[in-house]
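Trainee: I have a model open on my screen and would like to learn how to read it. Could you take me through it step by step?

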Amino acid sequence: MDFLTNPVDAIREWLLGLMANMPAPWPDVIVNLLGVVVVASFGLGLVIILVWVERKVAARFQDRFGPNRVGPYGLFQTVADILKLFTKEDTTPDNADKPVYNLAPILSLFSVLLIWAVIPFSKDWLGTDLNVGVLYIVAVGSLGALAVLMAGWSSNNKFALLGAFRTVAQLVSYEVPLVISILIPVLLARSMGVHAIVDAQDTFFGMFFFMAPIAAVIFFISSIAEVGRTPFDLLEAESEIVAGFHIEYSGAKFAMIFAGEFLHAFTIAVLTATLFFGGWRGPGAEAYPILGWVYFMAKSLGVYLIVSWIRSTLPRIRIDHMLSFNWKYLTPLALATLIVTALLTKILEGQAVWYQSLVMFLSNVVLFLIANEIVKWRESKKPGRQVVGQPRPVARPPAEPAAEAEA
Amino acid sequence: MIPLSWFLIFSAALFSIGLYGVLARKNAVAILMSMELMLNAININIVAFWRYTNPSDSAGQVFAVMVFAVTAAEVAVGLALVISLYRRRRTVVAEDINMLKW
Amino acid sequence: MDPIQIIFIVVALVVLAAAVMVVTTPNLVRAALWLVLALFGTAGAYVLLNAGFIAVAQVVIYIGAISILMIFAVMLTRRVMTDSGPQTHQTWWLPALLSAALFAGLVWMLSGWSGFEASMPAYSDANQVVELGVALVSPEGFLIPFEVASVLLSAALIGAIYVAWDRD
């Protein structure tokens, strides 16, 4: 019973018991290293299932079946894909900068895996207990932009370089509303540690999604832009700038970039669920940690389904629309929400949780309506479509049947 | 345990390497990169002194944060100047930007 | 040898080696990437000094923003895809001598100080972020330097945009 409710602790005790004869720091170091291996492998193994989920969901939205031949329900399709990618020829372009070219995909996957170190899977099941966890997530997320720039430059290809510039412009621009909206749960939980943010979401109405829905939506949209999924995938769609910064990558290196992107998409689903929906919180999760893990995976998969839904439904956004959406709408709205939330948190200190949630939710609704009005006013001030030149001649029947009848 | 001398020698070495870069390199962007090394050395120095003399007072960390802000401002303006110079004079070699010399 | 001492020696060697590569390599994009490694190592040094917030802020500010800015500047200011000509002056031995003399002078001067071989006092960093936050915004703390720094950053932002604007 104990193993079933808390497998991680049970395995840990068993391993420490096995190594009881070793000198002092080594059992803990070895157990911690094993923990690192487990968390990293969990992330990477999840990619295999995620690719299948993505293809099936996208197919169902498009009214078709998706992969269903390789294995039951197409479950082994990803294995077949990986085998194909690994047996492809591993080309390197002429005059490419080889160390940088080989390092870029590794760095891109590395920057995503590092985020998994601070996410709490359940009560006391987390990689490390940083008290600046949220800032760490932002820091590690910005390493991905560096990897893209390295990949684009080292390919010795002008289109790759242009694609890399555009990608980095998008990534760096969307980091601004991401950081501002991530500050709002930090404000509400009075701590920058991710475990503390989850701990502060005690009740159902205490979920930070109810207290700050605008922050949740802005975080969600900015994260989708950070990953580079539709509708923000102008940078790597094949019909646009010829697949962007990863044109010259094939085989195993492309598999790494590809896996990194899918894992990043799931990671942002995990982060949204953790920061705004309470992570592993749920009925009975404190007593039975395994239930906490189940709630965590359920919430993350729910948000990932919404990400896939958006991907299958919305068209691509043009680059100038994307940048103006960021700088003229998301950033001012995020700043305004931050100021209003900070004020209300101080004013409503000490009241009941449902009362705080209600007032903050209403304030967010008011802010959103004001933002809508401002956008409408801006649109109305733009000049409408202008008619230039003479109106075109339109064919008409002869005008005077009376004159004709007379003549 | 690490004595304070190790951190001070480390930051002095980093500062000297940065100084060599500033004085010996021709390209203006390379000079700015070496200035980054010098500023990082200074920051390590500040944080080491904070940790070894009075860690409960936040003044050392605030000083380090101010140095971050100043560095970011300096790099932004410096690189903007370099790009503007490149547009007018088509060169970033620091020696060739000598129109104001008498 | 403490494990912490071994970690410090490794971090210091990585940073110094990367710094030497920054100031000597003729290929500027490689120099920018070596700079990224040096900045990472510096973040490691901050972690050894129990300054967790400063370490993470270093990664965000330097590697997330300033390094990308440097790489952009290098890529936008080169005439051909390969660099041309020597990248250091012909009289490079003079700066080398000068920096070696500066290093020797600094070490000699500091070793005469009484607190040179001090050891780390005990410190628990549980409330570090809260104390730093309170110090930055309290009027008895460092509110005015904080505000001045924000005005400085605004001025730098506006100035950089204006200087680099394409006015043709």
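Mentor: Gladly! Let's start with one residue: C:Val29 sits in helix H2 of chain C. Helices here are DSSP runs of H or I with at least four residues, strands are runs of E with at least two, and both are numbered from the N terminus. Keep in mind that this is a predicted model, where local features need pLDDT of at least 70 and side-chain atom pairs count only at pLDDT 80 or more, while totals for chains, interfaces and linings use all residues. Residues are numbered from 1 along each chain as its sequence is written, and chains are lettered from A and ligands numbered from 1 in the order in which they are written.

Trainee: Thanks! Does C:Val29 count as buried or exposed?

Mentor: We count neighbours, using C-beta atoms placed from the backbone: 20 or more others within 10 Å means buried, 12 or fewer means exposed, and in between is partly exposed. C:Val29 has 20 C-beta neighbours inside 10 Å, so it counts as buried.

Trainee: Which residues does C:Val29 touch, leaving out those up to four places away in sequence?

Mentor: Two residues are in contact if their C-beta atoms, placed from the backbone, lie within 7 Å. By that rule C:Val29 touches C:Ile71, C:Val74 and, from another chain, A:Trp153. On the other hand, C:Ser114 is 85 residues from C:Val29 along the chain, and their C-alpha atoms are separated by 43 Å.

Trainee: What does the secondary structure of chain C come to?

Mentor: Chain C has six helices and zero strands. Its radius of gyration, taken over C-alpha atoms, can be set beside the globule rule, which is 2.2 Å times the number of residues to the power 0.38. For chain C the radius is 21 Å, well over the 15 Å that the rule gives for 168 residues, so chain C is more spread out than a compact globule. The C-alpha trace of chain C spans about 55 × 40 × 30 Å along its principal axes, and 30% of the 168 residues count as buried.

Trainee: Which domains does the assignment give for chain C?

Mentor: Domain bounds come from an automatic or database domain assignment. For chain C that assignment gives domain 1 (1-81) and domain 2 (130-168). The C-alpha centres of these two domains lie 24 Å apart.

Trainee: And how many helices does chain B have?

Mentor: Chain B has three helices and zero strands. With a radius of gyration of 17 Å, well over the 13 Å that the globule rule gives for 102 residues, chain B is also more spread out than a compact globule. Its C-alpha trace spans about 50 × 25 × 25 Å along the principal axes, and 52% of the 102 residues of chain B count as buried.

Trainee: Now for the chains together. Which chains have the most contacts between them?

Mentor: Of the two pairs of chains that touch, chains B and C have the most contacts. No contact joins chain A and chain B, and their closest C-alpha atoms lie 15 Å apart.

Trainee: How many residues of chain B and of chain C take part in their contact?

Mentor: There are 57 residues from chain B and 70 residues from chain C. H3(B) gives the most to chain B's side, with 19 residues. To sort residues by class, Ala, Val, Leu, Ile, Met, Phe, Trp, Tyr, Cys and Pro count as nonpolar, Asp, Glu, Lys and Arg as charged, and the others, Gly among them, as polar. Chain B's side then has 43 nonpolar, ten polar and four charged residues.

Trainee: How should I describe two helices that pack together?

Mentor: Two packed helices are described by the angle between their axes and the distance between the axes. Here axes are lines fitted to C-alpha atoms, for helices over the stretch in contact, and angles run from 0 to 180 degrees between N-to-C directions. The axes of H3(B) and H3(C) come within 11 Å and cross at roughly 10°. That makes H3(B) roughly parallel to H3(C), since angles under 35 degrees count as roughly parallel, over 145 as roughly antiparallel, 65 to 115 as roughly perpendicular and the rest as oblique. Among the residues that meet there are B:Phe68 and B:Leu79 in H3(B) and C:Ile61 and C:Leu69 in H3(C). The contact of these two helices has 14 nonpolar residues, one polar and no charged.

Trainee: What about chains C and A: how many residues does each give to their contact?

Mentor: Chain C gives 16 residues and chain A gives 17 residues. On the side of chain C, H3(C) gives the most, with twelve residues, and by class that side has 13 nonpolar, three polar and no charged residues.
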